[in-house]
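Dear colleague,

Please find the structure below. My notes follow it.

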Amino acid sequence: MNLYEHTIVARQDTTQNQINQLKEKYTKIIEKFDGNILKTEDWGLMQLSYIIKNNKKGNFIHFKLEGDGKMINELEKNEKIDKNLLRYLTVKVKKFDLEENFFNKTDKHDQLNNDEKK
Amino acid sequence: MMKKNRKKQSQSNFSKLSIFQPNKFKFKKKCPLSGKGAPKINYKNIRLLKKYVTENGKILPSRITSVSQKKQRELSTSIKRARNLGLI
(Lines give C-alpha, C1' and ligand atoms only; values in the text may rest on other atoms or scores of the structure.)
Protein backbone atom coordinates (compact mmCIF):
# COMPACT_ATOMS: atom_id res chain seq x y z
CA MET A 1 0.00 0.00 0.00
CA ASN A 2 1.74 3.14 -1.19
CA LEU A 3 1.22 6.58 0.29
CA TYR A 4 0.20 9.34 -2.11
CA GLU A 5 -0.46 13.06 -1.78
CA HIS A 6 -3.04 14.03 -4.39
CA THR A 7 -3.90 17.66 -5.10
CA ILE A 8 -6.59 18.87 -7.49
CA VAL A 9 -7.25 22.44 -8.58
CA ALA A 10 -10.87 23.19 -9.40
CA ARG A 11 -12.02 26.15 -11.44
CA GLN A 12 -12.56 29.58 -9.97
CA ASP A 13 -16.36 29.62 -10.15
CA THR A 14 -17.15 26.25 -8.58
CA THR A 15 -19.69 26.62 -5.81
CA GLN A 16 -19.25 25.00 -2.41
CA ASN A 17 -21.66 22.13 -3.09
CA GLN A 18 -19.95 21.44 -6.41
CA ILE A 19 -16.71 21.06 -4.47
CA ASN A 20 -18.41 18.63 -2.11
CA GLN A 21 -19.75 16.67 -5.08
CA LEU A 22 -16.20 16.51 -6.44
CA LYS A 23 -14.96 15.18 -3.15
CA GLU A 24 -17.68 12.52 -2.95
CA LYS A 25 -17.05 11.48 -6.55
CA TYR A 26 -13.35 10.90 -6.00
CA THR A 27 -13.75 9.31 -2.59
CA LYS A 28 -16.15 6.79 -4.19
CA ILE A 29 -13.53 5.97 -6.82
CA ILE A 30 -10.88 5.55 -4.16
CA GLU A 31 -13.09 3.31 -2.03
CA LYS A 32 -13.99 1.22 -5.12
CA PHE A 33 -10.28 0.41 -5.60
CA ASP A 34 -9.92 -0.38 -1.85
CA GLY A 35 -7.69 2.58 -1.08
CA ASN A 36 -8.47 4.81 1.85
CA ILE A 37 -8.22 8.51 2.53
CA LEU A 38 -6.26 9.51 5.61
CA LYS A 39 -6.99 13.21 5.39
CA THR A 40 -8.66 15.74 3.08
CA GLU A 41 -7.53 19.36 3.24
CA ASP A 42 -9.57 22.13 1.69
CA TRP A 43 -7.15 24.97 0.90
CA GLY A 44 -10.02 27.03 -0.54
CA LEU A 45 -9.80 29.77 -3.15
CA MET A 46 -6.20 30.73 -3.79
CA GLN A 47 -4.50 33.12 -6.19
CA LEU A 48 -2.74 31.30 -9.04
CA SER A 49 0.62 32.73 -10.02
CA TYR A 50 -0.27 32.48 -13.74
CA ILE A 51 -3.50 32.24 -15.71
CA ILE A 52 -4.63 28.62 -16.31
CA LYS A 53 -7.47 28.29 -18.87
CA ASN A 54 -8.30 31.97 -18.19
CA ASN A 55 -8.74 31.36 -14.45
CA LYS A 56 -6.91 33.66 -12.07
CA LYS A 57 -7.89 31.82 -8.88
CA GLY A 58 -8.32 28.13 -8.13
CA ASN A 59 -10.02 25.97 -5.51
CA PHE A 60 -7.42 23.62 -4.10
CA ILE A 61 -8.38 20.25 -2.61
CA HIS A 62 -5.67 18.07 -1.12
CA PHE A 63 -6.03 14.35 -0.36
CA LYS A 64 -3.64 12.13 1.56
CA LEU A 65 -4.28 8.67 0.14
CA GLU A 66 -3.18 5.15 0.75
CA GLY A 67 -3.58 2.64 -2.06
CA ASP A 68 -1.93 1.05 -5.07
CA GLY A 69 -1.07 2.27 -8.55
CA LYS A 70 -4.26 1.03 -10.25
CA MET A 71 -6.32 3.32 -8.06
CA ILE A 72 -4.19 6.31 -9.06
CA ASN A 73 -4.49 5.49 -12.78
CA GLU A 74 -8.26 5.28 -12.44
CA LEU A 75 -8.38 8.50 -10.43
CA GLU A 76 -6.33 10.43 -12.96
CA LYS A 77 -8.25 8.99 -15.92
CA ASN A 78 -11.46 10.45 -14.48
CA GLU A 79 -9.80 13.73 -13.65
CA LYS A 80 -8.62 14.13 -17.25
CA ILE A 81 -12.18 14.17 -18.53
CA ASP A 82 -13.58 16.20 -15.64
CA LYS A 83 -14.62 19.61 -17.02
CA ASN A 84 -14.25 21.80 -13.97
CA LEU A 85 -10.77 20.62 -12.94
CA LEU A 86 -7.75 22.66 -13.98
CA ARG A 87 -4.83 20.67 -12.67
CA TYR A 88 -4.10 17.52 -10.69
CA LEU A 89 -0.85 16.37 -9.11
CA THR A 90 -0.04 13.04 -7.45
CA VAL A 91 3.13 12.66 -5.41
CA LYS A 92 4.31 9.34 -4.03
CA VAL A 93 5.48 9.93 -0.48
CA LYS A 94 7.44 7.77 1.97
CA LYS A 95 5.63 9.03 5.07
CA PHE A 96 3.08 11.69 5.93
CA ASP A 97 3.24 14.51 8.43
CA LEU A 98 -0.47 14.80 8.94
CA GLU A 99 -0.75 17.79 11.18
CA GLU A 100 1.48 20.03 9.04
CA ASN A 101 -0.89 22.26 7.10
CA PHE A 102 0.68 25.14 5.18
CA PHE A 103 -2.49 26.68 3.83
CA ASN A 104 -4.88 26.46 6.76
CA LYS A 105 -7.29 29.31 6.95
CA THR A 106 -6.72 31.73 9.75
CA ASP A 107 -10.41 32.55 10.07
CA LYS A 108 -12.39 30.37 12.51
CA HIS A 109 -15.28 29.71 10.10
CA ASP A 110 -13.31 27.52 7.74
CA GLN A 111 -11.64 25.66 10.59
CA LEU A 112 -15.10 24.81 11.99
CA ASN A 113 -16.51 23.12 8.91
CA ASN A 114 -13.19 21.38 8.39
CA ASP A 115 -13.60 19.59 11.69
CA GLU A 116 -17.20 18.63 10.93
CA LYS A 117 -16.13 17.10 7.63
CA LYS A 118 -13.41 14.93 9.16
CA MET B 1 44.51 43.44 -3.26
CA MET B 2 41.63 45.42 -4.80
CA LYS B 3 42.74 44.57 -8.38
CA LYS B 4 42.61 40.79 -7.69
CA ASN B 5 39.20 41.20 -6.10
CA ARG B 6 37.86 43.08 -9.12
CA LYS B 7 39.09 40.32 -11.49
CA LYS B 8 37.22 37.69 -9.42
CA GLN B 9 34.12 39.92 -9.41
CA SER B 10 33.83 40.17 -13.20
CA GLN B 11 34.13 36.42 -13.69
CA SER B 12 30.91 35.41 -11.92
CA ASN B 13 28.22 36.87 -14.17
CA PHE B 14 25.76 36.37 -11.30
CA SER B 15 27.60 38.95 -9.22
CA LYS B 16 24.67 41.39 -9.19
CA LEU B 17 22.43 38.50 -8.07
CA SER B 18 24.61 37.36 -5.23
CA ILE B 19 22.38 38.87 -2.56
CA PHE B 20 23.26 35.97 -0.31
CA GLN B 21 27.02 36.36 -0.49
CA PRO B 22 28.72 39.40 1.00
CA ASN B 23 31.40 39.93 -1.60
CA LYS B 24 33.68 41.70 0.81
CA PHE B 25 35.09 38.39 2.12
CA LYS B 26 34.73 34.83 0.87
CA PHE B 27 34.09 32.38 3.76
CA LYS B 28 32.87 28.76 3.68
CA LYS B 29 29.09 29.10 4.12
CA LYS B 30 27.19 26.13 5.59
CA CYS B 31 24.11 24.94 3.70
CA PRO B 32 21.06 26.59 5.36
CA LEU B 33 18.85 23.58 4.64
CA SER B 34 20.89 20.63 5.84
CA GLY B 35 21.44 21.67 9.44
CA LYS B 36 19.60 20.00 12.33
CA GLY B 37 16.80 22.55 12.81
CA ALA B 38 16.51 23.25 9.08
CA PRO B 39 13.02 23.61 7.57
CA LYS B 40 11.85 20.59 5.55
CA ILE B 41 11.66 21.09 1.77
CA ASN B 42 8.13 20.51 0.58
CA TYR B 43 6.27 21.61 -2.54
CA LYS B 44 3.53 23.03 -0.34
CA ASN B 45 5.91 25.14 1.75
CA ILE B 46 5.89 28.13 -0.62
CA ARG B 47 7.27 30.55 1.94
CA LEU B 48 10.54 28.59 1.97
CA LEU B 49 10.60 27.99 -1.80
CA LYS B 50 10.11 31.69 -2.53
CA LYS B 51 13.46 32.43 -0.85
CA TYR B 52 15.31 30.40 -3.53
CA VAL B 53 13.51 31.86 -6.54
CA THR B 54 14.22 35.19 -8.27
CA GLU B 55 11.45 37.76 -8.72
CA ASN B 56 10.46 36.43 -12.15
CA GLY B 57 10.38 32.87 -10.82
CA LYS B 58 13.75 31.44 -11.90
CA ILE B 59 15.54 29.01 -9.55
CA LEU B 60 18.65 30.54 -7.95
CA PRO B 61 21.83 28.52 -8.58
CA SER B 62 23.36 26.77 -5.58
CA ARG B 63 26.61 28.69 -6.28
CA ILE B 64 24.74 31.81 -5.12
CA THR B 65 22.62 30.41 -2.31
CA SER B 66 25.37 28.00 -1.08
CA VAL B 67 22.84 25.14 -0.78
CA SER B 68 24.28 21.60 -0.79
CA GLN B 69 23.85 19.58 -3.99
CA LYS B 70 21.43 17.04 -2.44
CA LYS B 71 19.19 19.78 -1.05
CA GLN B 72 19.38 21.72 -4.31
CA ARG B 73 17.98 18.70 -6.21
CA GLU B 74 15.09 18.36 -3.72
CA LEU B 75 14.53 22.10 -3.91
CA SER B 76 14.33 22.16 -7.71
CA THR B 77 11.86 19.26 -7.90
CA SER B 78 9.60 20.81 -5.27
CA ILE B 79 9.76 24.20 -7.02
CA LYS B 80 8.79 22.56 -10.30
CA ARG B 81 5.86 20.80 -8.60
CA ALA B 82 4.73 24.07 -7.03
CA ARG B 83 4.95 25.73 -10.44
CA ASN B 84 2.81 22.99 -11.95
CA LEU B 85 0.10 23.68 -9.39
CA GLY B 86 0.36 27.40 -9.98
CA LEU B 87 1.51 28.10 -6.44
CA ILE B 88 4.78 29.77 -7.45
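**Pocket, sheet and one helix residue**

β4 (85-93) of chain A and α4 (69-85) of chain B each supply at least two residues to the lining of the largest pocket; helices (H or I, at least four residues) and strands (E, at least two) are DSSP runs, numbered from the N terminus. This is a predicted model, in which local features need pLDDT of at least 70 and side-chain atom pairs count only at pLDDT 80 or more, while totals for chains, interfaces and linings use all residues. Residues are numbered from 1 along each chain as its sequence is written, and side-chain values use heavy atoms, without hydrogens and water.

The lining of the largest pocket takes its largest share, five residues, from α4(B).

In chain A, four strands form an open sheet in the order β2-β3-β1-β4, with antiparallel pairing (two strands pair if DSSP finds at least two bridges between them). Its edge strands are β2 (36-52) and β4 of chain A, each pairing on one side only. β1 (residues 2-10) of chain A pairs with β4(A) over eight bridges, and A:His6 has A:Thr90 in β4(A) as its bridge partner.

A:Asn78 sits in helix α2 (residues 69-81) of chain A.

Regards

Terms used: Chains are lettered from A and ligands numbered from 1 in the order in which they are written.
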